[in-house]
Every structure is written in C-alpha cells, then in structure tokens.
Amino acid sequence: MSGRLSSTGAMLLLVMLTLGAFVAFEFEGASLVAGLSIFVIALAKVQLIIEQFMHLRWSHRPFRQVLYFWSTIVLAVLCGGLFLIPWS
Amino acid sequence: MSELAEVQGKPDVGKSGAGGSALPCDSGVLFFICADMGMFALFFLLFTIGQVSDPETYRASRAMLDPAIGLANTLILIVSGWLVVRAVEAGRAGDWAGARLRVIMALVIGSGFAFLKVYEYAHKFGAGITPLTNEFFTYYFAFTGIHFLHFAIGVGVLLVTISKLRKPQGEATLAWLESAGAYWHMVDLLWVVLFPLLYLAGGVA
C-alpha cells in the first residue's frame, strides 16, 4: 500500500499516523467516526510495519498474505464491534 | 510488477531464500510470529465481545487510563523498531559496528516502554485498580501483561544480538539479526493494535 519508502520515511509516517489517531481521540473521542478513524489508522500502521519494517513486501507471499489476512480480519472485528455499541 | 522483479528491485532483502520466495528472516520465526498474532486476534475478539455486552463499564474504565502514556509508548516502540531496521540494513551492508550501535540505541530507547509500563501499573495498583476491578481491567492487565512478557523476551533477544554482533560470523549473525528484528517488529505491531483498542477507540465516559 505504501510503495517504496525509506525506513526513515516509514518511521516518520508511522509517527504522524500515531499523532493523527491521538488528535482524533482528543477532539472527537466519543464518536463512532473517531473510533473508526482510529482503527483505520491502526490498519495503515500495521501494513506499514509489515511492508517497510518486516520487509515482507518483497518476500514470501504466503507469510505476507497471512499477515494481511490477520490485520484485515482483526480490524474488521474491531470496527464491527464499534457499530454494535450505542453512541450518543 | 512480478514478485521476483520486486525482490530483484530490493537487492538487500532476503538473500538467503530460494527464488521469489526469499524470506527476510528465519521461516520458523515467521511461523512463531503468525501463531502468536493469531492468539492476540482471539484476545481482541474477546475484548470486542465484552465491550459490546457492557459498553458503559468499558467507557468508564477507559477514562481511568492515561492515553498520553499509551501514545508515548507507541512512539517509543516505533522509533526503537526503526533503529532495528537500520541495524539490519547496516548488517546487510557488512557494517557490523554500525549494526551493533543501532541495536544498543534501540534497546536504550525501547527500555522507556518498560519504565512507563511499570509506572502505569504502579499508578493503577496505587489507585486500587487491579485485574479484579472489572472485566475491562481484567483484559487490560492480561493483554498488556502478555504483551509486556513479549517485550521482555525481545529485550533478551536484543541483548544476545548485541553480544553476537561483537564477534560477527557472517551469514549466521545476519540471520540472527534479521530474526531478532522480525520479533521486535511483532512486539511493535501488536502494540499498534492494543493502543487504540484499550486507550482510544470505543469512547470514554
């Protein structure tokens, strides 16, 4: 998803995404949109770590697909759970 | 772009594997990482079920956590993980002294995670919050405790890596460094999900 980044570029992007999630929490913490945004940002960070830190972007397809499947299922469950709780 | 072309386009990755299936570290370590992440996926599912059953308790409990500590721990693990990536890059270039220095820096910065986690636990216990307080805190202490155990094992692995990098033995040392790095990234990756799950998303009362 992230193309070819240097490891430093990936780290800076991870830091910015982390701060973005925190800002979303600080300003809109008690809303469904904020919760979904925070989890989508987490998914993007997971993909960045798999591709740019673990270097699986250029490597063995089965392992890469297992980790992509894991991140997609986990984030789908977490986001789905947010739809099932009441929001004021 | 084909997978082989991608591998060829990134020549410093996966030298030891066969053809387009080259791995960036030992396959056994990757199997372990996948299995471990499967276990955490079940944890996340349990937490979600609990939150759906009793959202108000979860929101009230989440309000008792300090998200700034979670944020600081996330940033610490990201920077520490980046230093390990840089160490692997240095190792692949044959710069063993540079790799060792970066692993030491990763360990020093990563130790901030342990400091903050112990501080957070002490603060919670001091306020009378324990794993028995309610279901949220049962999960909070269980998940972060198991994650902390993984972190502690990672620290041990990095210490061994520093020792091995003192007298490097070519491919064997590089393979160890790559596998240690993959494990450290798993610790980072799991926290990247734990942080929003426990501290941020789901709302606070």
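**Reading chain B and its interface**

Author: Chain B contains seven helices and zero strands; helices (H or I, at least four residues) and strands (E, at least two) are DSSP runs, numbered from the N terminus. This is a predicted model, in which local features need pLDDT of at least 70, side-chain atom pairs count only at pLDDT 80 or more, and totals for chains, interfaces and linings use all residues. Residues are numbered from 1 along each chain as its sequence is written, chains are lettered from A and ligands numbered from 1 in the order in which they are written, and side-chain values use heavy atoms, with hydrogens and water left out.

Reader: How is the size of an interface given?

Author: The size is often given as the accessible area lost when the parts come together. Here, about 4,400 Å² is buried between chain B and chain A, and carbon and sulfur atoms give 78% of that area. Buried area is the accessible area (1.4 Å probe) that two parts lose on being put together, summed over both.

Reader: How many residues of chain B are in contact with chain A?

Author: Contact means heavy atoms within 4.5 Å. By this rule, 57 residues of chain B are in contact with 45 residues of chain A.

Reader: Which residue forms a salt bridge with B:Arg92?

Author: The partner is B:Glu178, with the closest N and O atoms 2.9 Å apart. This pair links distant parts of the chain, for B:Arg92 lies in helix H4 of chain B and B:Glu178 in helix H7 of chain B, 86 residues apart.

Reader: Are B:Lys117 and B:Glu120 buried or exposed?

Author: Buried means under 20% relative accessible area, exposed over 50%, and partly exposed in between (1.4 Å probe, protein chains only). B:Lys117 is buried, at 1%, and B:Glu120 is buried, at 1%. Their side chains meet in a salt bridge (2.5 Å, N to O). Because the two residues are three apart in helix H5 of chain B, about one helical turn separates them.

Note on methods
A salt bridge is a side-chain nitrogen of Lys or Arg within 4 Å of a carboxyl oxygen of Asp or Glu.
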